[in-house]
Amino acid sequence: MKLWNHYHTPHSIDQAIALLNQYQGKAKVVAGGTDLIVELREGHHPIQEALIDVTQIPELTRLTTNNNEIYVGAGVTHSQIVKSAVLVARATCLVESCGVVGGPQVRNVGTLGGNVAHALPAGDGTTSLVALDAKAEIIMSGQRRVVPIAEMFRGPGQSLIDSTRDVIIGFRFVLCSDNEATAFKRIMRPQGVALPILGCAIWVRLNPAQTHFEAARVSIAPIGPTPGRAAEVEAILIGQPATDTIIEQAIETALQILKPRTSKYRATGDYRKEMIAVLLRRTLQLAVQRARTGQAVPEGIGME
Amino acid sequence: MSKLDITVNGQIHHLDIPESRTLAQVLRYDLGLTGTKIGCEEAECGICTVLINGTPVNSCIFPAFKAQGREVQTVEGLAQDDGELHPVQQNFIDHGAVQCGFCTPGLMMTATALLNENSDPDDHAIKVALKDTYCRCTGYASVIAAIKSAASEMRGEGSLPVNEPDVSEPMHAISRSVPPQHVREKVTGAAKYTDDYVFDGMLYARTLRAAYPHARILDINTEQARALPGVVAVLTHANVPGENLHGLVYRDWPVLCSDVVRYMGDGVAIVAAETEDIAAEALKLIEVEYEPLPVVGDPKFAHSHEAPILHPHHPTGNLLKHIKVRHGDIEQGFAQADYIVEREYRTPTVEHAFLEPECSIGIPPGVAGHEKLTILVGSQIPYQDRNQIALALGLPEEKVRVIGTLIGGGFGGKEDITGQIHAAMLAQATGRPVKMLYTRQESLIVHPKRHATIIRMKTGATKDGKLVAVEAELYGDGGAYASLSDKVMTRATTHATGPYVVPNAKIDCYAMYTNNPPSGAFRGFGVTQSAFAVESNMDILAEMIGIDPIEFRRLNAQKVGTTTATGQVLRESVGLLETLSHVEQDMMSADGDFHWAWRDGHKAYAWGLACAYKNTGLGGGAPDRAEAEVEAFEDGSVEVRVASADMGQGLAHVVAQCTAEELKLPYNRVRVLLCDTDLTPNGGPTTASRQTFVSGNAARVTSALLREALTRSAAEFLDVPPETLYYEEGLLRHNGKSVELGQLVGWMKGNGLSSKVRHEYHAPATQPLGTGGDMHFAFSYATQAALVEVDMETGAVKVLKIIAGTDIGRAINPLMLQGQVEGGIVMAMGNCLTESYIVENGVPWTNLFARYKMPSIKHAPEIISHLIEDRVSTGPYGAKGVGEICSINTSPAICNAIYHATGVRIFSLPVDQDALLRAIRAGQTEVYTAWHDVR
């Protein structure tokens, strides 16, 4: 069935914005289309007058490193992220989270920008971007803006941007340096929709002696309607010894403050609480180990 | 319309097409490259995979204009121009990785992309690459083997040996792993399934489905839809020319609903239009006024007095059928028992998820060279399709022709009528060919499923480990229409003692009408469900008695001389004990020092085992026959014709092998024509694991009759006594003299003799349930052991290994039969661990492929398969059924293993890791809920 009438492939952001303006809300930005086109087919959106494909815009397809900062264009695919040596080594959680999205065919076209625009409460890529404290560069209402990643989400399936008007350009974050590391893990339900029961991305920095947590960022999703950080859990870790005892304390705190709901198609609240403990333990231990060894081999790519 | 420049398989195309096209549409409709299949249009199944600049993508959701200026490779581009197959194609053939062939292009394209990047992929790399490219037939083991072999060949190291099973006494063509029919077409993309056919002037049809699971229809207004430009016909119940009912056992299913809708898949109106989009648009313009009625959502409620009666004309109300087995004296039996276990089990509705959605094309008389109303369809029962179409259209059967195309998987799900009658009606009404292709989402809602069941099973045994009694009550959710519920639930009932000697049995089964999608045939035919209860109870009892579960089964196993609970004395071919000992031996030797269970960190490992049996053939007194026609030609070839379906399981090569055997011909000189009601005689339904036995025998006996005719003629031609003639590689020989088959046929024609024989084979008679005697003419037997890993922190269950022993009488084609076993096991793993078709008060929640998880290659365990060939004297060369027996006991074997690993027993499928973990944590030993029971 016909889902759109026109398909445009602009080569600059200005062209893309001009096209969106021209269609006055009757066109949507599309990147890989692995979510949007399926949703169009399922009737979640009306038939679009046009789709504006942003994957040929150079600024959206770049993946560039500048000292310790990396820029990942919104049109960079999950597969490109998984294959990026610098991300594997220095933003492992993003590789692990993008590596478990769909199968190769979906990862080959689905983009990080699309994952964020889709604004699922537990988008795998977005959970990691939150832990990486990324910033999104966007064009919103015609203005170029830089917003913290957490501000990109307004509710389940609702992002800050309006894809009939705005464009996500890319993401910036600081790569891991010595004594820093990240990890991502998730638990999937084997039945029904491919929704994570729970996903967890963690960034840690150990002190130079590698004995204590100097800083930590923890993102566990879905807990609330949008992805976010567990600040209380981070607070337990910071300044404390990087030991199993502290990790268990962090888990205890997480269990007190995080109240996962029973979600019919994901799992019971009780089970999800158990998974908070399991995921935090496994992910934190892995991140600490990576920070200590300086080695990171992504786990679970393509098979979770 | 806009310009699209793309290179496809090296050829540059400048197309002028709408920008709304997907890449799959361009390939299939604009370029006629129908090797790329569409399975779901949700980017879920992966069978539409093509390569863009070498990268695999799902073409079903890939906008065509996104491929502007790029290079696309499809399955048609794999072979070289001179026809030499790509190593991936050749190895898929050689390793038996092609069954129905519908997913094959997607698997091969994904594999090709992998091999372009990785010249020596291990299992893990292959699983990562193919994780979201589904196959419902093979179970993936042969696919992995084929890819590794292709890689080896592409590295210049030669292909790898084929993992061919050991079989006894191979003959000329029987027990030989010949390639299946049409396999070359299937790997090149040339194979045509129904949706691959197009005709001049063809219209596209859609069906308006019910808006409620149960409602009275007050009014249907089609005026606006008719007025839409491009709409050629809109038909309702008022336009059904003949009887507005169909059904395989009971005629209770309206062609188009007139007064009441009984499930969400009910058809209310049908539209034929110039394009699919117009047809879809027209559906929105049809106004139907409903009065919603109370919904009967589950079989136990259906049996209660409060439930509204769904079929007022059915004499027993919502009780579609009460099926009874009575054997011995149940009270006395339990009085002898030292141990009694009684538990309730639940199994979910399960979807076949064949990868080819249903498609029918109706062609009116006088169009496209067809003299009569012709329907193209991939159906498991072409002659019954014809019967049902003719009745609905008010035509004599001879005025209707059903031509079976290749079938992209069936598994029981293509036995009932779906679009056949509708396509025929629209073709009649419009005078033009009409294609009715279901979307995946429509397919999910419409066709009958595996019955959800609630089974209360009570089993008693003595302290010596002898079974003494089984009492069971089964409720089957038959859904809105009868379909094959009567037969399926009968099989669940008669097999509810398991493959054991049970002197006293009382089993009651209630097949109920509800407002859920109808339930019908599904590989295992009810036995899958009852075996879960039987084999779980067996393990519980063994533990209570304190006896090894294998020993317990051995003590009670059916043998030659056993009387079954239906009163049948088993006279031969009872290979259960042999399957058990093979599996036991492998299991025990797997790790030297055998343990049922062990721990390694937070992972628990354990073995579990279960047995099963399954009838071959219709049984129960139904006449079971198949007619075949075999004709020899002057070019020395032979054609065998039978209207039996090959949905991927391989019936075509089975009949070809039988004919090649009887005529001692090279296999490649035998052609097979299947499923054309004008050209092929009736082979009956492809169900009940019957075709190898019944159509195989028909081909065998008919070929033997042709051989006799040929021998008589050759004797005359060579002037030698007929008894001294023998057949050898297409020649009839006598000492120094010989005549080629083709030459002989020419001589026969010249002398007015026919080289064609038609014969109807009748399988041994059976008796109806309740009358004693032979209810079935053969049973196949199986034992399976499962090795599972349970993550004790998450409850996640992984099947690492399955050891299978399967008694199939004889392996006509060992490699393809092994593919059936592997595919059956992986499909059954889905039944146990991932699959559940969810209906909420009559409304299917599972209305997307994305909401139904079937096993992917990542789930594929190591499978060790032993074929046990305990011949049945009446089977073709000793063979009996295989299609179902391999898919029945996997679920209880896995659940028994989970129990050994965790101490928690699962009573509701699919296994819910959530409930399992909570039980482990709480020290509970029994789990009675499945995942969607979460509130």
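For the entries below, I took contact to mean heavy atoms within 4.5 Å. I also kept in mind that this is a predicted model.

**Entry 1: the domains.** I looked up how chain A is divided and found domain 1 (4-53), domain 2 (58-174) and domain 3 (180-293). I then turned to domains 2 and 3 of chain A, whose centres, taken over C-alpha atoms, are 21 Å apart.

**Entry 2: their interface.** I noted 21 residues of domain 2 of chain A in contact with 22 residues of domain 3 of chain A. Between them, these two domains bury about 1,800 Å², with 61% of it on carbon and sulfur atoms. On the domain 2 side, A:P121, A:T127 and A:A131 lose the most area to domain 3, together 29% of what that side buries.

**Entry 3: polar links.** I found 9 residue pairs in polar contact across this interface, and the count of salt bridges between the two domains is 3. I also looked up the salt bridge of A:R229 with A:D133, where the closest N and O atoms are 3.8 Å apart. As for who supplies the domain 2 side, α6 (92-98), α9 (124-131) and β8 (153-155) of chain A each give at least two residues. α9(A) gives the most, with 6 residues.

**Entry 4: the arginine.** Which helix holds A:R107? I placed A:R107 in helix α7 (residues 104-109) of chain A. A:R107 is buried yet has no salt bridge, and the nearest side chain of opposite charge, B:D132, is 6.7 Å away. I did find a polar atom of the A:R107 side chain 3.2 Å from the backbone oxygen of A:V101. Leaving out residues up to four places away in sequence, A:R107 touches several residues, including A:H78, A:C98 and B:V128.

Notes. Residues numbered from 1 in each chain as written. Chains lettered and ligands numbered in written order. Predicted model: local features only at pLDDT ≥ 70, side-chain atom pairs only at ≥ 80, totals over all residues. Heavy atoms only, no water. Helix = DSSP H or I, 4+ residues; strand = E, 2+ residues; numbered from the N terminus. Buried < 20%, exposed > 50% of the residue type's maximum accessible area, 1.4 Å probe, protein only. Lys, Arg positive; Asp, Glu negative; His and termini not counted. Salt bridge = Lys/Arg side-chain N within 4 Å of Asp/Glu carboxyl O. Polar contact = N/O pair within 3.5 Å; in protein donor to acceptor, adjacent residues only side chain to side chain. Domains from an automatic or database assignment. Buried area = accessible area lost by both parts, 1.4 Å probe.
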